[in-house]
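Q: I'd like a close look at one part of this model, with a bit of the surroundings for context. Could you walk me through it once the structure is up?

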Amino acid sequence: MTVSGTAQAELHPRETTTCAIAGCGPAGALLGLMLARAGIEVLVLEKHADFFRDFRGDTIHPSTLEILEELGLFEAFSQLPQQRLSTLEAVTDSGAVTVADFRDLKVRHPYIAFVPQWDFLDFLTEEARRCPSFTLRMDAEAVDLLRSGERVTGLRYRARDGLREVGAALTVAADGRDSALRRAAGLAPVRHGAPMDILWFRVSRRDSDREGTFGRFTAGRFMAMIDRGDYWQAAFAIPKGSLGELQARGIETLRESVAALIPFLAERVGELESWDDVSMLEVQVNRLRRWHLPGLLCIGDAAHAMSPIGGVGINLAIQDAVAAANLLTEPLLKGALSTRDLAGVRRRRWPATAVIQGLQRVIQRRVVRPVLSGTALRPPRALGYLARIGFLRRLPARLVGLGVRPEHVRMRLPARPARR
């Protein structure tokens, strides 16, 4: 076995588990939950001390709501504070256009649920803790892989008390778009580029404001507004790499742009007191050609970073987790996990990922880039078609709400365990 980095003398005694998952985002949390429900020993590592990140995606789409139903968790999930959205609207200078109507989808829950991601992750991990074979370790950052020859045999992580090692039959990299384990494995994604980055910030909401989540764009500017009840979470698009120039012009430049786009916020943009009130998401669109090595699997953003267009990233990551659980549970229970099993996850999920990313890239090229450059002086023709031809709204509703190849829980699971 070879390990790199800090000397062996600094390590604590090695632990062992069946499956070690790096990253407790939606994909890592759900995969851990499903494997633990099947009786597989799972250790999930999360590098942060809690799940609270103010600006994270939190759209739970109909495809994910179906999965929660199949796991017997929807009733409990429905008790979480949430907003439900049946249509998506784009507001242009000419008025509002419905771009997706989920009410015609043939599913039990034809809407998007907006749930803060910290609440969703708390929910999934609390459910997983009902299983005696599940362990979640916070403040534990995966930093390297353990190997025996060509095979990955576990991982090394940094905890509060130093470096630790975990041996595992399966190691899963679910540690995001900057995955340390993917880097340690020597797997590099193919990058497709994006014309924008996103500025995230919040502004207070009043009862007199427009209701619901919507997108607003005009020549040179685009932003999405997410209704949080007592405040708006705003996503303001800027040309890729332009943050430094914008910051040099002062926070008042952002305030003026927001007020011009959303006039009812004009009296509240002063709540953005400085750039400390703004976070930036560097938009990436990429995917791995190969998602695995012997003993290692990448899923979610570690395998494919999605554009924020359509808010589908969380839901594709969750579908990766469901596919992985469906395909890998039996081999793990039998102690016979093979490289062919791991390759099967990529074979199943790669086509859907490629199609959705392809559509996102078309929208970036045909809509986002012209809007941000100021060359799109009128709404894209596609919006006009959606406004005039109602049945066309079913296509974006299906692509956003269900995806290309929605996953379902195929593995046999015992009833939901009682709380421990």
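In what kind of crossing, left-handed or right-handed, does α8 pass α9?

A: The crossing of α8 past α9 is right-handed. Keep in mind that this is a predicted model.

Let's start with the geometry of that pair. Helix α8 covers residues 313–334 and helix α9 covers residues 339–373. Their axes sit 9 Å apart, and the helices pack at an angle of about 160°. Since an angle over 145 degrees counts as roughly antiparallel, α8 is therefore roughly antiparallel to α9.

Now for who touches whom. On the α8 side, the contact is made by Leu316, Gln319, Asp320, Ala323, Ala324, Leu327, Leu328 and Pro331. Facing them from α9 are Asp341, Leu342, Gly344, Val345, Arg348, Arg349, Thr353 and Ile356.

For context, here's another helix pair, α1 (residues 26–37) and α4 (residues 117–128). Their axes come within 9 Å and cross at roughly 15°. An angle under 35 degrees counts as roughly parallel, so α1 runs roughly parallel to α4. The crossing of α1 and α4 is left-handed. From α1, the contact takes in Pro26, Ala29, Leu30 and Leu33. From α4 come Gln117, Phe120, Leu121, Leu124, Thr125, Glu127 and Ala128. The makeup of the contact of α1 with α4 is eight nonpolar residues, two polar and one charged.

The relative accessible area of Ala159 is 17%, and the cut-off for buried is under 20%, so Ala159 counts as buried. Leaving aside residues up to four places away in sequence, Ala159 touches Asp139 and Arg164. As for Arg290, it lies 131 residues from Ala159 in sequence, and their C-alpha atoms are 29 Å apart in space.

Last, a word on confidence. The chain's average pLDDT is 90, with 92% of the residues scoring at least 70. Residues 1–9 are a stretch to watch, with pLDDT below 50. In the model, that stretch has 18 contacts beyond near neighbours in sequence.

Conventions: Residues numbered from 1 in each chain as written. Predicted model: local features only at pLDDT ≥ 70, side-chain atom pairs only at ≥ 80, totals over all residues. Heavy atoms only, no water. pLDDT = per-residue confidence, 0-100. Contact = heavy atoms within 4.5 Å. Axes fitted to C-alpha atoms, helices over the stretch in contact; angles between N-to-C directions. Helix = DSSP H or I, 4+ residues; strand = E, 2+ residues; numbered from the N terminus. Parallel < 35°, antiparallel > 145°, perpendicular 65-115°, else oblique. Left-handed = near helix turned anticlockwise from the far one by under 90°. Nonpolar A, V, L, I, M, F, W, Y, C, P; charged D, E, K, R; others polar. Buried < 20%, exposed > 50% of the residue type's maximum accessible area, 1.4 Å probe, protein only.
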